[in-house]
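Open the model in a viewer and keep the selection panel at hand. The stops below are meant to be taken in order.

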Amino acid sequence: MTSISITVNNQPVQVDAGLSLREFIARHIGKELDKDSKAIDGSKLGLAAAVNGAVVPRSSWNGFAVQSGHTIELVTAAQGG
Amino acid sequence: MDAHELTELNATTDPFVVAGRTFSSRLILGTGGATSLSTLESALQISGTELTTVAIRHFSASGSGNVYELLQRNDVIALPNTAGCFTARDAVLTAQLAREALETNWIKLEVIADEDTLLPDPLELYWATEQLVADGFEVFAYTNDDPALAQRLQDAGVAAIMPAGAPIGSGLGILNPHNISTIVSRSNVPVILDAGVGTASDAALAMELGCDAVLLASAVTRAHNAPLMAAAMRDGVKAGRAAYLAGRIPKRDTALASSPEEGMMQTLVGEF
């Protein structure tokens, strides 16, 4: 399978071509996600994604194709403030 | 209930209402600076806080522990912040990511001018406020202790005004109590004293000045004994709130005896 180069949280990453954002994120975080991008185990993900500087709502992850050169930011809650 | 009829403060007699939600605790303990998640969890539980701040940062698959799960486990509501943003543009993007990640339209808006002071940049803060309010956010605006800017933010539609007592993490307390009082007296939205609190008396003073709540983090999380300081802050906030509602006596230049002169023994009454 061909792979493509993307950037995830400032790190260069090679991933399989043809993944949706939902499939990529599921692999990246090690959790299965259903078609609505909710965790199959019922837990709240607490995650958000931006691609090339624009937020991609979770409802759009399934239909969003990850392409070569994409810069993906994957964020969550951290201690602060 | 009239303040002069109150004998006990609780969620029924003195609720803290902000952005349409009601809380019984007026202490908002932030999660920043804790040395471990277990220490943070103890401090949060002892503080009685029902609302806390979190930052939005890169997800790490190898990250140890998860503050979001900790908050869910303890029924503490997460108020995401835009800490680290220097421009309205970055703050708006961070707020939008926070809304997606935490499924909340609440945002503590921080737009910082420089790293030495960590004080807000008034113009970027105001521009970000306008955009976020228009986008449906409940904006908790971290601002300077400037009554004029606070008024502008209120007019722009913020859910709460959060003036700094002193620079973030400085522990200097409330440097300009007069300005905080002025902001309180002019505000139609809750005023939450944010930043600068060093110890329990600072938190009590904020409440005595009429603030609706206090947000602090470092003063607890960086104390030698974080859970014990959390208890001190909890009690300081409660004491300050009660004192504010009870109404302090006016300050006088001269003494005023609390024991009666009437009934004094004749032989002891001297000439004044």
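This is a predicted model: local features need pLDDT of at least 70, side-chain atom pairs count only at pLDDT 80 or more; totals for chains, interfaces and linings use all residues.

Residues are numbered from 1 along each chain as its sequence is written, chains are lettered from A and ligands numbered from 1 in the order in which they are written, and side-chain values use heavy atoms, with hydrogens and water left out.

**Stop 1**

Select residues 37-47 of chain B, which are helix 1, and residues 226-246 of chain B, which are helix 9. Helices (H or I, at least four residues) and strands (E, at least two) are DSSP runs, numbered from the N terminus. The two axes come within 8 Å and cross at roughly 20°. Axes are lines fitted to C-alpha atoms, for helices over the stretch in contact, and angles run from 0 to 180 degrees between N-to-C directions. Helix 1 of chain B and helix 9 of chain B are therefore roughly parallel to each other. Angles under 35 degrees count as roughly parallel, over 145 as roughly antiparallel, 65 to 115 as roughly perpendicular and the rest as oblique.

Show side chains next: B:Thr39, B:Ser42, B:Ala43, B:Ile46 and B:Ser47 of helix 1 meet B:Ala226, B:Pro227, B:Ala230, B:Ala231 and B:Arg234 of helix 9. Contact here means heavy atoms within 4.5 Å. By class, there are six nonpolar, three polar and one charged residues in this contact. Ala, Val, Leu, Ile, Met, Phe, Trp, Tyr, Cys and Pro count as nonpolar, Asp, Glu, Lys and Arg as charged, and the others, Gly among them, as polar.

**Stop 2: helices 3 and 4**

Move to helix 3 (residues 88-102) and helix 4 (residues 122-134) of chain B, which pack at about 40° with their axes 8 Å apart. This pair is therefore oblique. On the helix 3 side, select B:Ala88, B:Ala91, B:Val92 and B:Ala95; on the helix 4 side, B:Glu124, B:Trp127, B:Ala128, B:Gln131 and B:Leu132. The contact has seven nonpolar, one polar and one charged residues.

**Stop 3: helices 4 and 5**

B:Pro122, B:Leu125, B:Tyr126, B:Thr129 and B:Val133 of helix 4 meet B:Leu149, B:Arg152, B:Leu153 and B:Ala156 of helix 5.

**Stop 4: the cavity**

How many cavities of 30 Å³ or more does a search of the whole structure find? The search finds one, and the largest cavity has a volume of about 40 Å³. On a 1 Å grid over the protein atoms alone, a cavity is a set of points where a 1.4 Å probe fits but cannot get out, and a pocket is an open set with protein on both sides within 12 Å along at least five of seven lines; lining residues have an atom within 4 Å of a point. Grid points are joined across faces, edges and corners, and a volume is the space filled by probe spheres set on the points.

Select the lining: B:Pro147, B:Ala150, B:Gln151, B:Gln154, B:Ile161, B:Ile183, B:Arg186 and B:Ser187. Helix 5 of chain B gives the largest share, four residues.

**Stop 5**

The largest pocket holds about 560 Å³ of space. Of its 32 lining residues, A:Gly81, B:Leu118, B:Ile168, B:Gly169 and B:Ser218 are the closest to its centre.
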